[in-house]
Amino acid sequence: MAEEKSVQVEMQAIRQSALDALSRAVDEASLQQWRIAHLGKSAPVMQIFTRIGQFAPEDRPKVGAAANQVKNALEQAYSSRETEIKQASLQQSLEQERLDVTLPGRKPVQGRLHIQTQTMREVYRVFAEMGFQVYRTRDVETDEYNFELLNIPAYHPARDMWDTYYTTKPGVLLRTHTSPGQVHVMRERAPEPIRVILPGMCYRYEQVDARHEIQFTQIEVLAVGRNITFGDLKGTLDNFARRMFGQNVHTRLRPSYFPFTEPSAELDVECFVCGGKGCGVCKGSGWLEILGCGMVHPVVLQNGGYDPREFSGFAAGMGPERISMLRHKIDDIRYFWGNDVRFLEQF
Ligand code: PHE
């Protein structure tokens with residue numbers, strides 16, 4: 001027969017050592033380990049219950065009651081320790097993870113539109129106010145549209161004005177200017193009147209330097225109708241220059257030559273850097289060249305499906321990179337399509 005007295009002593013020891021161990025449990029993990037060791041199936045106090053049959057029948061209720069007491073005491077100690085630990089870990093996270101609202105934030109890197117997208121959108125806006133639609137045509141063109149239909153036959157010396165990238169397919173090339181778009185629109189719209197601008201990338205087989213790039217954008221302007229005169233061309237371009245560069249800017253037209261316009265001219269605007277006095281940007285002349293223009297050549301009107309005896313039109317072609325360079329005093333055209341974000345981020 002097991003001794004009731006000695007098991008009472010044993011239970012006090014079990015209780016004491018469990019409570020000692022509990023005070024060393026400092027976090028959730030060690031607390032769970034403690035619960036398995038001291039209240040789980042094989043915990044010492046639970047073993048007492050399996051041994052009850054070994055005691056004298058009159059001692060069994062005493063042993064059972066005492067074991068229950070120890071078990072209850074341990075359960076209670078466990079739950080109050082659990083509350084303590086949870087409280088402590090909450091306190092700790094409140095203190096350590098405190099938000100310092102005075103710390104300056106990190107600015108997210110902001111994307112932006114390419115400088116040419118900005119300049120071109122400004123040009124679209126100005127022409128939209130004058131009733132011009134944006135019309136796009138393709139970058140890969142045929143010799144026919146890029147040259148022939150624009151009154152530049154194969155033998156024509158004016159072909160020297162455009163150094164061309166040809167593809168391996170005969171007659172297919174990268175457009176050297178946006179002018180082939182003129183014929184595309186005319187053929188689509190004839191005999192309706194036309195008021196469009198044609199923006200896009202152009203390509204030329206150039207020796208690249210500060211003023212020449214193998215790719216650049218152009219914006220073509222085209223108006224076709226029954227009574228369009230050179231006065232309309234001048235008025236439209238003056239209006240554009242004032243809206244784009246300022247109300248008081250002066251302009252002048254200089255005679256020029258293009259095979260697809262007759263007469264042809266170039267538009268200069270008064271240098272908006274020095275106001276016409278002469279400076280480094282305008283090379284002392286007081287004027288900046290902005291675009292080429294003229295009255296649409298009768299041959300081109302005919303190629304577009306308009307009878308030149310009834311219809312007339314004007315056309316112009318500008319280089320938006322040039323506008324950006326003049327405005328921002330950019331001295332090298334290679335920056336535009338070189339994809340250096342240090343340059344692009346400035347605009
Ligand atoms: N296409 C001409 C060029 O690239 C510019 C131009 C367009 C001139 C329309 C007159 C009329 O130089």
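Asn339 is exposed, at a relative accessible area of 61%; exposed here means over 50%, buried means under 20%, and partly exposed is in between, using a 1.4 Å probe and protein chains only. Asn339 sits in the loop between helix H10 (320-328) and helix H11 (341-344), and its phi is positive, about 60°, although it is not a glycine. Keep in mind that this is a predicted model: local features need pLDDT of at least 70, side-chain atom pairs count only at pLDDT 80 or more, and totals for chains, interfaces and linings use all residues. Residues are numbered from 1 along each chain as its sequence is written, and side-chain values use heavy atoms, with hydrogens and water left out.

**Overall build**
- The protein chain has 11 helices and 9 strands, counted as DSSP runs numbered from the N terminus (helices are H or I with at least four residues, strands are E with at least two).
- Its radius of gyration is 44 Å, whereas a compact globule of 347 residues would come in near 20 Å; the radius is taken over C-alpha atoms, and the globule rule is 2.2 Å times the number of residues to the power 0.38.
- Along the principal axes, the C-alpha atoms of the protein chain fill a box of roughly 130 × 50 × 40 Å.

**Surface, packing and charge**
- Of the 347 residues in the protein chain, 44% are buried.
- The accessible surface is about 19,400 Å², and carbon and sulfur atoms hold 51% of that; areas come from the Shrake-Rupley method with a 1.4 Å probe, and for residues only the protein chains shown count as cover.
- Take the contacts in the protein chain with a separation of 6 or more: 68% of them join residues 24 or more positions apart, where contact means heavy atoms within 4.5 Å.
- There are 41 positive and 43 negative charges, and their mean positions lie 3 Å apart.
- For that tally, Lys and Arg count as positive and Asp and Glu as negative, leaving out His and the chain ends; each charge is placed at NZ of Lys, CZ of Arg, CG of Asp or CD of Glu.

- Gly294 belongs to strand S8 (residues 287-296) and counts as buried at 0% relative accessibility.
- Beyond its neighbours within four places in sequence, Gly294 touches Leu233, Thr261, Pro263, Ser264, Gly313, Phe314 and Ala315.
- Glu266 is 28 residues from Gly294 in sequence, with 8.2 Å between their C-alpha atoms.
- Thr119 is in helix H5 (residues 115-129) and is also buried, with a relative accessible area of 4%.
- Setting aside neighbours within four places in sequence, Thr119 is in contact with Met244, Pro320, Ile323 and Ser324.

- The peptide bond from Ala190 to Pro191 is cis, with omega near 0°, and Pro191 is placed in the loop between helix H7 (180-189) and strand S4 (194-203).
- Another cis bond runs from Glu262 to Pro263, with omega near -5°; Pro263 lies in strand S7 (residues 261-270) and is one of the contacts of Gly294.
- Asn151 has a positive phi near 70° without being a glycine, and its place is the loop between helix H6 (143-146) and strand S3 (172-174).
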